[in-house]
Amino acid sequence: MTENATNAPQNLPPAASFNAADFDAYLFDLDGVVTPTADVHMRAWSRMFNQVLVDYEGQAKYTDMDYFTYVDGKPRYDGVRSFLASRGIELPEGTPEDAPAAMTVCGLGNRKNALVLEILEQEGVEPYPGTLAFLDSLPETAKVAIVSSSKNARTVLKAAGLLERFEVIVDGNVAAEHSIPGKPAPDTYLYGAKLVGVPAEKAVVLEDATSGVQAGAAGNFGAVIGVNRGVGQEALAEAGATIVVDDLKELA
């Protein structure tokens, strides 16, 4: 058992108690679980929102806490709506075709997305070594899928050299195409389980965002593993995680 495992939140089992052979499928969130693109998203959200807030007198700067509270894990436009509502700012909804310069909910979401793609192109992305170790440790028969709110999931996976590792990818594009509600609703994870042909009770959700953990808990999955990348172990546990780790290498 690792030192991190012994620091698991009270009433949660330690990482060492997890047995991968008990489950048939593993449904991974992408940003913050497989790749450190959560950091890229955080930087893009911060840059975008702080560009906007300077035009509103008396508004404090957007912070990382705002990200974890209002944005983390949600579909892009939902994150925009949630944060703006927290500041009492009302903007037209617009449409997904809005230019990044448009002062609409969709325009701001598109501006943030353009910033993410710019950062990825300039800096690239590497997967978490601990996540790779965990993937390599899974039984050969285990089904693995990506369930991400991001519409850039395939781009990120390709940049990380992992596109061929996941037989199913449920991303923001798939959710929009099939009108599937985003996290914290469980629907995208349930759809991913359906596509890999495994019932929820035999599948594991792996998430770093409270909204994603809530989705896994609401879907009654066999296990919901919270990966603490900054949200905090207690927050993930309260959201419904059955195990919390600081890195997936603890389960490998």
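These questions and answers walk through a predicted model, looking at helix packing, aromatic rings and some backbone details.

Residues are numbered from 1 along each chain as its sequence is written, and side-chain values use heavy atoms, without hydrogens and water. Local features need pLDDT of at least 70 and side-chain atom pairs count only at pLDDT 80 or more, while totals for chains, interfaces and linings use all residues.

Reader: Are helix 2 and helix 3 roughly parallel or roughly perpendicular?
Author: Helices here are DSSP runs (H or I, at least four residues) and strands likewise (E, at least two), numbered from the N terminus. Helix 2 (residues 37–53) and helix 3 (residues 64–71) have axes 10 Å apart and pack at about 105 degrees; axes are lines fitted to C-alpha atoms, for helices over the stretch in contact, and angles run from 0 to 180 degrees between N-to-C directions. Angles under 35 degrees count as roughly parallel, over 145 as roughly antiparallel, 65 to 115 as roughly perpendicular and the rest as oblique. Helix 2 and helix 3 are therefore roughly perpendicular.

Reader: Which residues of helix 3 make the contact with helix 2?
Author: Contact means heavy atoms within 4.5 Å. From helix 2 come Ala38, His41, Met42, Trp45 and Phe49.

Reader: What kind of aromatic pair do Phe28 and Phe166 form?
Author: Rings of Phe, Tyr and Trp (its six-membered ring) pair if their centres lie within 6.5 Å; planes under 30 degrees apart count as stacked, over 60 as edge-to-face and the rest as tilted. Phe28 is in strand 1 (residues 25–28) and Phe166 is in the loop between helix 7 (153–159) and strand 3 (168–170), so the pair ties together parts 138 residues apart in sequence. Their ring centres are 5.8 Å apart and their planes stand at 70 degrees, so the pair is edge-to-face.

Reader: Is Phe83 buried or exposed?
Author: Buried means under 20% relative accessible area, exposed over 50% and partly exposed in between (1.4 Å probe, protein chains only). Phe83 pairs edge-to-face with Tyr70, and Tyr70 is partly exposed at 26%. The relative accessible area of Phe83 is 0%, so Phe83 is buried.

Reader: How far from the ring centre of Tyr128 is the charged end of Arg229?
Author: A charge sits over a ring if NZ of Lys or CZ of Arg is within 6 Å of the ring centre and within 35 degrees of the ring normal. Arg76 sits this way over Tyr77, at 5.6 Å. For Arg229 over the ring of Tyr128, the distance is 3.6 Å.

Reader: Which peptide bond is cis, with omega near 15 degrees?
Author: Most peptide bonds are trans. Look in the loop between helix 8 (172–177) and helix 9 (187–196), where Pro184 lies. The cis bond runs from Lys183 to Pro184.

Reader: What is the phi of Ser179?
Author: Most residues other than glycine have a negative phi. Ser179 lies in the loop between helix 8 and helix 9, and at 64% relative accessibility Ser179 counts as exposed. Although Ser179 is not a glycine, its phi is positive, at about 55 degrees.
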